[in-house]
Amino acid sequence: MTLQRHMPWIAVVTLFLIWEAAIRLFNIPPFILPAPSALFEALWKWRSEIAGHSLQTFLTTVAGFGIAMVAGMAIGVALGSSAWVYRSVYSLLIGFNTIPKVALVPILVMWFGVGAVPAIITAFLISFFPIVVNVATGIATVEPELKDVLRALGARNRDVIWFIGIPRSLPFYFASLKIAITFAFVGSIVSENVAANSGIGHLMTVASSRFEVPLAFAALFVIALMGVLMYVLTAMVEKRMTAWSVRGTHLAAG
Amino acid sequence: MAVFVEIAHISLRYGAAVGGVLALNDISLSFDRGKFIAVVGPSGCGKSTLLKAISGLWPRTSGTMRVGGEEVHGPLKIVGMAFQNATLLPWRNTLENVLLPLQVVETHRNQFRRRRRQHEERALALLELVGLAEFARKSVWELSGGMQQRAQLCRALIHEPSLLLLDEPFGALDAFTREELWVVLQRLWLEKKPTVVLVTHDLREALFLADRVHVMSARPGTFVAERHFEAPRPRPLEIIYSHGFVDMVHELRARIDEARSPASAQKTAPAR
């Protein structure tokens with residue numbers, strides 16, 4: 001059991017070892033694929049730049065994600081509890097979600113200028129949809145008997161949502177947050193790639209234009225690290241908030 | 001004693017006014033406060049629909065209905081309900097599930113926090129009465145099916161509703177648990193004296209528990225017979241093996257068969 005517990009680390013280290021060995025064995029030049037050792041070397045060499053840009057990206061992502069958490073919940077509740085809202089808004093939402101968010105960045109830049117604002121908005125736009133869909137599903141599928149129990153007590157629609165709909169949709173909500181946080185990183189970095197003066201996305205653009213491939217990979221590594229960190233954080237909150245939905249399964253111990 | 005629920009010639013039709021399904025046809029039913037009424041009938045005869053109509057959750061198509069002297073137009077706000085599925089909330093423990101109505105009902109909700117301890121004591125007393133006192137702090141999924149139904153009955157009674165509507169609450173339980181819960185429900189009723197309408201397809205359940213049993217025909221549901229089983233309360237479970245009881249079960253059974261036959265006769269009749 002203890003070995004199983006440590007498997008995530010073992011898997012990562014093993015991957016890096018195989019990668020390092022392959023680079024040395026096949027003698028691959030660092031401007032095509034740098035070895036992990038070169039990656040970590042670049043990480044150390046550029047540590048202060050990387051730290052600054054990472055912080056920028058982290059903050060924009062968390063800001064966009066935070067807005068998505070609140071707005072996604074609110075829109076999801078509205079969609080799930082009212083057939084009218086659902087009928088009028090759902091196809092619009094799907095249509096909007098189909099638009100690639102990269103295509104929106106230039107427009108956002110025209111509106112808000114280069115910088116953090118377009119990145120925050122892109123992170124929000126790309127991550128709120130799965131939250132909306134999941135919350136709406138959780139609320140729309142409340143058992144009719146349960147609604148009757150409350151309505152026979154004189155409950156109003158918002159009581160049904162408050163006492164049953166929202167708690168019931170929390171497992172769906174947190175499941176979607178785990179997806180949404182990784183999406184949010186995609187959003188902010190894409191936006192920084194296109195138009196920004198700081199952030200990991202910007203750093204990567206600069207690094208690749210200067211053929212600093214190890215630096216680009218170091219930046220990628222940091223992004224992955226931040227993504228995993230936020231994922232774990234969300235999963236921990238999920239576990240605390242919705243322990244009732246997992247019963248005694250060992251899957252929760254991840 | 002004044003008549004508490006007075007239903008006169010109500011009908012209920014689903015869907016379109018023309019071409020919809022007529023679920024209830026010309027049902028009349030009156031009973032006093034504190035009575036235990038049972039409605040039995042074949043599957044799909046509209047028993048559950050009748051409960052929905054009585055609770056005011058579904059609007060009737062025609063007829064009049066008065067509860068406590070007042071004409072009913074929307075959902076009643078004083079009703080306790082229990083169903084075949086226990087529908088307990090899995091994120092609350094047993095006690096919190098029982099307390100739910102007090103957080104919702106108009107007269108209690110504003111004072112809920114202030115009087116929480118008092119409410120909890122009441123809920124615990126109810127749980128004690130159905131033999132669930134030790135399970136008050138347990139999660140719902142730690143309860144067996146029978147225990148969940150006991151908890152559901154407590155939830156339906158915590159706010160002391162004047163009307164308790166039970167829709168086959170023991171339908172999904174095994175025979176032993178079911179009989180055990182008849183006794184539990186009888187004890188609850190004798191203690192709290194709510195007015196009860198129980199819908200079931202179990203004749204023995206209806207006769208054992210109720211003061212009066214109404215037999216419903218196949219859809220469109222209408223009352224075809226009415227029986228009283230007289231016996232002092234609390235009735236012991238063994239009573240269901242007594243001659244008088246068994247005879248009445250047989251008689252009702254025959255009534256139900258009669259009630260079903262028009263529908264099956266219609267089905268086999270040649271097209272006109």
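Predicted model: local features only at pLDDT ≥ 70, side-chain atom pairs only at ≥ 80, totals over all residues.
Residues are numbered from 1 along each chain as its sequence is written, and chains are lettered from A and ligands numbered from 1 in the order in which they are written.

Q: What makes up the secondary structure of chain A, helices or strands?
A: Helices are DSSP runs of H or I with at least four residues, and strands are runs of E with at least two, numbered from the N terminus. By that rule chain A has 10 helices and 0 strands.

Q: What share of the 254 residues in chain A is called buried?
A: A residue is buried if 20 or more other C-beta atoms, placed from the backbone, lie within 10 Å of its own. In chain A, 38% of the 254 residues are buried.

Q: Which domains does chain A have?
A: Domain bounds come from an automatic or database domain assignment. For chain A it gives domain 1 (1-33) and domain 2 (40-243), and their C-alpha centres lie 30 Å apart.

Q: How many residues of chain A are in contact with chain B?
A: Contact requires two C-beta atoms, placed from the backbone, to lie within 7 Å. On that basis, 17 residues of chain A are in contact with 21 residues of chain B. The largest share of chain A's side, 6 residues, comes from H7(A).

Terms used. Buried ≥ 20, exposed ≤ 12 C-beta atoms within 10 Å, placed from the backbone.
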